[in-house]
Amino acid sequence: MQAQMETVKRVENLPIGVGGAAPPERLFSRASHRNDTCIPVGPARIGAPNFVVIAGPCSVESRDQMMETADAVKNAGAGLLRGGAFKPRTSPYSFQGLGEEGLKLLAQARMRTGLPVITEVMDTSEIDLIEAYTDIIQVGARNVQNFSLLKKLGRTRKPVLLKRGLMTTLDEFLMSAEYVLASGNEQVILCERGIRTFETATRNTLDISAVLVLKERTHLPVIVDPSHAVGNRRYVGPLAKAALAVGADGIMIEVHAHPAQALCDGDQSLRPEELDRLMADLKLMAPLFGRLM
Ligand code: PEP
Ligand code: MN
């Protein structure tokens, strides 16, 4: 009875539908799916009680850069490898990514390390190509409300990692996840990556409380990207630990073997030895918070 009441309360807390009508039970909600969703990706598990670490360069830049960084990620004991091939850059004159060549290098890094990989899709026209190379498809912050992209990703069979937008409320974020779920893909991972506020001391403002709200309202895995949240490698480790402590299901962090030479986001990229130290700390902390690493 108590459980039923709780369910009713949760459903009532969902956003009101048009005309004030009670909304149908959303697929993302705990009312529709009580237990935490855990998504297997190769040998990795994304979802409670696991704490997953996804690490790698912002962008795939060259064979040497990708392989050297991939080896560092593997040696540190991370679970998945990231690398962008189609990059959403603010300036059209900035490095835009290697495109399919980047996807090929990422797939080679997967073969070399045995780590599953994740890369970003920016446009519906790229979905088939990217799906052929990657294990998880990432939707970037700038595309979180690209509804035609979300609907098409709902028809793929690969897990989708959805990043919160720079000015997306949590209601809106959950509804974006609903687009993918309602289109037939049950494998959605949410990623808090900082939002835009008045504060300029950090690149964005990490909304750490978003993890608490999301974990209460959805069964989907929730991870944190401290790299894009702060834009400065000095703050990445402490916030990664905060993510573990607050109940996130994992983190995604940028790593580069030679950050000073990075074509994108070098300032926020950890060096391999910094990743090693962070992994060691997280492994010590994980059991205290009931997490498997
Ligand atoms: C990224 O993860 O490479 C990225 C571009 O992040 P975001 O979409 O959160 O800015
Ligand atoms: Mn980046």
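Predicted model: local features only at pLDDT ≥ 70, side-chain atom pairs only at ≥ 80, totals over all residues.
**Close-up 1. The manganese site.** Four residues hold the manganese ion (ligand 2): C58 through SG, H228 through NE2, E254 through OE and D265 through OD, at 2.0 to 2.4 Å. Written along the sequence, the donor spacing reads C-x169-H-x25-E-x10-D. Distant parts of the chain are linked here: C58 sits in the loop between β3 and α2, while E254 belongs to strand β10 (residues 250–254), 196 residues apart. Both C58 and E254 are buried. D265, another of the donors, is found in the loop between β10 and α10. Its backbone is worth a look too: phi of D265 is near 60 degrees, which is positive in a residue other than glycine.

**Close-up 2. Strand β10, covered on both faces.** Five of the five residues of β10 are buried, so the strand is largely enclosed by the rest of the structure. In a regular strand the side chains alternate between the two faces of the sheet. For β10, one side carries G250, M252 and E254 and the other carries I251 and I253, and all of these are buried. β10 runs parallel to β3, joined by five bridges; in one of the bridges, V52 is partnered with G250 of β10. Setting aside residues up to four places away in sequence, I251 touches F51, V52, V53, I54, I223, V224, A240, A243 and L282.

**Close-up 3. The nonpolar cores.** Which residues touch the most other members of the largest nonpolar core? They are L81, L190, I251 and I253, in a core of 64 residues. Helix α6 (residues 170–182) supplies the largest share of this core, with six residues. There is also a second, separate core of 14 residues, and V41, I46, V52 and L161 are among its members.

**Close-up 4. Strand β5 between its parallel partners.** Strand β5 (residues 117–121) is largely enclosed by the rest of the structure, because five of its five residues are buried. With strand β4 (residues 80–82), β5 pairs in the parallel sense over two bridges, and R82 has I118 of β5 as its bridge partner. Getting from β4 to β5, the chain passes through helix α3 (residues 100–113), and this β-α-β crossover is right-handed. Strand β6 (residues 136–139) also runs parallel to β5, joined to it by four bridges. V121 stands opposite V139 of β6. Here too there is a right-handed β-α-β unit, made of β5, helix α4 (residues 127–133) and β6.

Close-up 5. L80 is a residue of strand β4. Is L80 buried or exposed? It is buried, with a relative accessible area of 0%. The contact list shows what surrounds L80: leaving aside neighbours within four places in sequence, the residues in contact are V41, A44, I46, V52, V53, I54, A55, V73, P116 and I136.

Close-up 6. Helix α2 (residues 63–76) has 14 residues and spans 20 Å from first C-alpha to last, close to the 20 Å expected at 1.5 Å a residue. Its buried residues are Q65, M66, M67, T69, A70, A72, V73 and A76. Among the elements covering them are the strands β3 (52–56) and β4 and the helices α3 and α10 (272–285). Just past the end of α2, G77 has a positive phi of about 95 degrees.

Close-up 7. The peptide bond joining A48 and P49 is cis, with omega at about 5 degrees. P49 itself lies in the loop between β2 (44–46) and β3.

How values were computed:
Residues numbered from 1 in each chain as written. Chains lettered and ligands numbered in written order. Heavy atoms only, no water. Buried < 20%, exposed > 50% of the residue type's maximum accessible area, 1.4 Å probe, protein only. Pairing = 2+ DSSP bridges. Right-handed = clockwise from strand over helix to strand, strands pointing away. Expected span 1.5 Å × (residues − 1). Contact = heavy atoms within 4.5 Å. Donors = N, O, S within 2.8 Å, 3.2 Å for Na, K, Ca; no water. Core = buried A, V, L, I, M, F, W, Y, C linked by side-chain atoms within 4.5 Å.
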